[in-house]
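Q: Could you walk me through this one? I'd like to go element by element and ask things as they come up.

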Amino acid sequence: MDDRVAPPNGRWLLLIHQLPPKPDYLRVKVRRQLHRVGAVALKNSVYVLPNTDDCTEDLQWILRQVEDEGGKATLCAASLVDGVTDAEVESMFRAQSEAEYGEIIAGARASAEQTATDVRRLRRELGEAVARDFFGADRANEAELAVRALEESLTGRGEGTGAASGAGNPDVPRGATWVTRAGVQVDRIASAWLILRFIDAQARFGFVPAKGYEPERGEVRFDMFEGEFTHEGDRCTFEVLVDRFVSDDAALRAIAEIVHDIDCKDEKFGRAEAAGIARVIRGIGSVHDDDAARVEAGAGLFDGLYATFLRGA
């Protein structure tokens, strides 16, 4: 389903909440959570998002947080009849995204000396802003170019931005528990294979609900909301991991293009192999309900794919 097409029960999701006076931090916490998922305030305590499956999950998660703290909340799908138009709400979303992109652009073009830490932060913020940009704000491309220019300038000065081979990178976790959303598909299966083969040979994996999960100390999250490694800009998680740890491996970059085309469905790289690999991954998912079994089966697929590209790389 196109996320911009209104489903039968209304184009918008409305979260209406009432918070208790205590604890004091709750109002700030809920406001930050609503910002992270891209919600726009229609009025006090009434927030709106497009009616999509992902947005429904996001608001259900916040609703549970409110209720767990003693507040009240209602989530409903709605069509706007009077008071504000669909076009006006879309404009509110675009204005919110334009402001975020503006801050990122200003940060990337700051005259002060930038560090690799700064560029990693800006790249992460850009990825988060893109995820919240539901209606294609105009400055998205400008922000991407500004961050990319900063990355290239740091590389030119001999400073890495974190894209280094796993073998010599002190930031590579060793024997960590890598956690991702249950129900793994192509990006998470490929990323788990990459982690085990090239980043953390002693890695252990955990598969958890998409929402409401509180990470434990020492865990590393990938391809999930607020994860340490997840989508950034228009890059899928596998691409982010390759860029961070093994960017000099041509065979892995070829696989990254295939994974991107399947996961992002934008045909950015036009890889002819994508359709066939996608079909195999769907087959793995239909045969195996268990996520660990899916990762194991997918490892054989990506081992063979890597060997093929390695011979031709």
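Q: Which residues of helix 6 are buried?
A: In this predicted model, the buried residues of helix 6 are Val-186, Asp-187, Arg-188, Ile-189, Ala-190, Ser-191, Ala-192, Trp-193, Leu-194, Ile-195 and Ile-199. That is 11 of the 14 residues, so helix 6 is largely enclosed by the rest of the structure.

Q: What span should helix 6 have at 1.5 Å a residue, and how far apart are its end C-alpha atoms?
A: The 14 residues of helix 6, which is formed by residues 186–199, should span 20 Å at 1.5 Å a residue, and the end C-alpha atoms are 18 Å apart, which agrees.

Q: Let's take Leu-194, then: buried or exposed?
A: Leu-194, which has its place in helix 6, has a relative accessibility of 0% and therefore counts as buried.

Q: And what is Leu-194 in contact with, leaving aside its neighbours within four places in sequence?
A: With those neighbours left aside, Leu-194 is in contact with Ile-199, Phe-238, Leu-241, Val-242, Val-246 and Leu-252.

Q: How many bridges join strand 5 to strand 7?
A: Strand 5 (residues 177–181) and strand 7 run parallel and are joined by 3 bridges; in strand 7, Arg-221 is the bridge partner of Val-179.

Q: Where is Ser-45 found, and what is its phi?
A: Ser-45 is found in the loop between strand 2 and strand 3, and its phi is near 70°, again a positive value in a residue other than glycine. At 26% relative accessibility, Ser-45 counts as partly exposed.

Q: Which peptide bond is cis, with omega near 0°?
A: The bond from Lys-22 to Pro-23 is cis, with omega near 0°, and Pro-23 lies in the loop between strand 1 and helix 1.

Q: OK, and the sheet of 4 strands: what order does it have?
A: That open sheet has the order 2-3-1-4, with antiparallel pairing. Strand 2 (40–43) and strand 4 (72–78) are the edge strands, each pairing on one side only, and neighbouring strands of the sheet are turned by 30° against each other on average, with direction ignored.

Q: What about strand 1 and strand 3, over how many bridges do they pair?
A: Strand 1 (residues 12–18) and strand 3 (residues 46–50) pair over 5 bridges in the antiparallel sense, and Ile-16 stands opposite Val-46 in strand 3.

Q: Which strands does helix 2 lie across?
A: Helix 2 lies across strand 1, strand 3 and strand 4, and runs at about 160° to strand 4. Helix 3 (residues 86–108) also packs on the sheet, where it touches strand 1, strand 2 and strand 3, and its direction makes about 135° with that of strand 2.

Q: At what angle do the axes of helix 1 and helix 2 cross?
A: The axes of helix 1 (residues 25–36) and helix 2 (residues 53–68) come within 10 Å and cross at roughly 175°, and the two helices are therefore roughly antiparallel to each other. Helix 1 makes the contact with Lys-29, Val-30, Gln-33 and Leu-34, and helix 2 with Leu-59, Trp-61, Ile-62, Gln-65 and Val-66. The residues of this contact divide into 6 nonpolar, 2 polar and 1 charged.

Q: Last one: how many helices and strands does the protein chain have?
A: The protein chain has 10 helices and 7 strands, and buried residues make up 46% of its 313 residues.

Notes:
Residues are numbered from 1 along each chain as its sequence is written. This is a predicted model: local features need pLDDT of at least 70, side-chain atom pairs count only at pLDDT 80 or more; totals for chains, interfaces and linings use all residues. Side-chain values use heavy atoms; hydrogens and water are left out. Axes are lines fitted to C-alpha atoms, for helices over the stretch in contact, and angles run from 0 to 180 degrees between N-to-C directions. Angles under 35 degrees count as roughly parallel, over 145 as roughly antiparallel, 65 to 115 as roughly perpendicular and the rest as oblique. Contact means heavy atoms within 4.5 Å. Ala, Val, Leu, Ile, Met, Phe, Trp, Tyr, Cys and Pro count as nonpolar, Asp, Glu, Lys and Arg as charged, and the others, Gly among them, as polar. Two strands pair if DSSP finds at least two bridges between them. The expected span of a helix is 1.5 Å times one less than its number of residues. Buried means under 20% relative accessible area, exposed over 50%, partly exposed in between (1.4 Å probe, protein chains only).
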